[in-house]
Amino acid sequence: MDGTVDGFRYGAVTPVAAYLMACLGGALGLRCIVRSLPGARSWKAGWLALGAASIGCGIWTMHFIAMIGFHVEETRVRYDAATTVLSLVVAVAVVGIGVFIVGYRGTGGVTLTVAGVVTGLGVAAMHYLGMAALRLHGDIGYDPVGVTLSVLIAIAAATAALWSAVTIRGFLTSVGASLVMGVAVSGMHYTGMAAVSVHVHDTTGGTWEGDSPLSLLLPMLLGPVVFLLLAGVVVMFDPMLVHGERAGRNPAPRPGASAGVTSANSIPAPRTSRHDMDSPTRGR
């Protein structure tokens, strides 16, 4: 028997909340990556790691907030905790690979393509690994066309995010880029969910392992959400993260050049008196 699948059990609450978390993770990640570009090389890896963790946590949080609204009319839905945690690790790891590639090697055509494909495939893997954590009285099927489309959207979104991370400098521009990222990531998720079908088994008896969505997902979401809030505090209290574009537009002058210009400009020109001008033979 085919199950009745509903991905919006709580209406617009879960899609909107999921989108906002994807935007928050994207915005924080972009600013951290921008901060790594002009900084000392010893701090570069730390800023890139923080940016990758922010984006990865944002994507993972978006997915499972959206999954709170997933409901099958004929059976209860539960989740395997270990697989759910593994999907978070995959999300952060694959985003980290892409971020470190473009952070150290730039956004050349080949480099950006490789990083975007790897990261996009990883994001898609996180999505379907999260779906593999589902436990219900039935079998989950996928429409190949919908799955392929969701993977392509994930690759496109990852490539655009990595390009903007090392290209866009302005704060407001980064915010706009994060809003677009949120649309792309959420679009990937709901495209993949549109490809889902459930064939329900006999539900008259028996139990199965797993935790209910609210009892498992809400506590597990608390950690990534707190992390994103702490990353937001770091952004707000680092002036270069918020106003990094100003530093790039008005670089400080080199000490040698500055001193030379100052000393040259500070020496007053010799003054010529009227008497000297009128007496050209004074020095004879």
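## Salt bridge

Asp80 and Arg135 form a salt bridge in which the closest N and O atoms are 4.0 Å apart; the term covers a side-chain nitrogen of Lys or Arg within 4 Å of a carboxyl oxygen of Asp or Glu. Asp80 sits in the loop between β3 (78-79) and α3 (81-105), and Arg135 in strand β4 (residues 134-135), so the pair ties together parts that are 55 residues apart in sequence. The structure holds one salt bridge.

Asp80 is partly exposed at 24% relative accessibility, and Arg135 is partly exposed at 29%. Here buried means under 20% relative accessible area, exposed over 50%, and partly exposed in between, with a 1.4 Å probe and protein chains only.

## Model and confidence

This is a predicted model, in which local features need pLDDT of at least 70 and side-chain atom pairs count only at pLDDT 80 or more, while totals for chains, interfaces and linings use all residues. Residues are numbered from 1 along each chain as its sequence is written, and side-chain values use heavy atoms, with hydrogens and water left out.

The pLDDT, which is the predictor's confidence in each residue from 0 to 100, averages 77 over the chain, and 75% of the residues score at least 70. Confidence is highest in strand β6 (residues 196-200), at a mean of 91, and lowest in helix α9 (residues 255-266), at 41. Two stretches stay under 50 in pLDDT: residues 242-269, with twelve contacts beyond four places in sequence, and residues 277-284, with three such contacts. A contact means heavy atoms within 4.5 Å. Where pLDDT is low, the predicted coordinates should not be read in detail.

## Overall fold

The chain has ten helices and six strands. Of the 284 residues, 44% count as buried. Among contacts with a separation of 6 or more, 88% are between residues 24 or more positions apart.

## Nonpolar core

The largest nonpolar core contains 59 residues, and Met67 and Val95 have the most contacts inside it. Such a core is a set of buried Ala, Val, Leu, Ile, Met, Phe, Trp, Tyr and Cys residues joined through side-chain atoms within 4.5 Å. Two or more residues each come from α1 (13-36), α2 (41-68), α3, α4 (109-132), α5 (144-167), α6, β6 and α7 (213-236). Helix α2 gives the largest share, 14 residues.

Helix α3 has 25 residues and spans 37 Å from its first C-alpha to its last, close to the 36 Å expected at 1.5 Å a residue; the expected span is 1.5 Å times one less than the number of residues. Its buried residues are Thr83, Thr84, Ser87, Val90, Ala91, Val94, Val95, Gly96, Gly98, Val99, Val102 and Gly103. Thr84, in helix α3, has a relative accessible area of 0%. Thr84 and Phe64 are 20 residues apart in sequence, with 9.0 Å between their C-alpha atoms.

Gly106 follows α3 and has a positive phi, near 85°. Gly106 belongs to the loop between α3 and α4 and is partly exposed, at 25% relative accessible area. Leaving aside neighbours within four places in sequence, Gly106 is in contact with Ile101 and Thr111. The C-alpha atoms of Gly106 and Trp163 are separated by 8.8 Å, although these residues are 57 residues apart along the chain.

His127 is placed in helix α4 and is buried, at 1% relative accessibility. Beyond four places in sequence, the residues in contact with His127 are His63, Met188, His189, Gly192 and Met193.

Thr191 is in helix α6 (residues 171-194). A polar atom of the Thr191 side chain lies 2.6 Å from the backbone oxygen of Gly187. Not counting residues up to four places away in sequence, Thr191 touches Gly146, Leu149, Ser150 and Ile153.

Definitions and conventions: Helices (H or I, at least four residues) and strands (E, at least two) are DSSP runs, numbered from the N terminus. A polar contact is a pair of N or O atoms within 3.5 Å; within protein, one must be able to donate a hydrogen and the other to accept it, and residues adjacent in sequence count only if both atoms are side-chain atoms.
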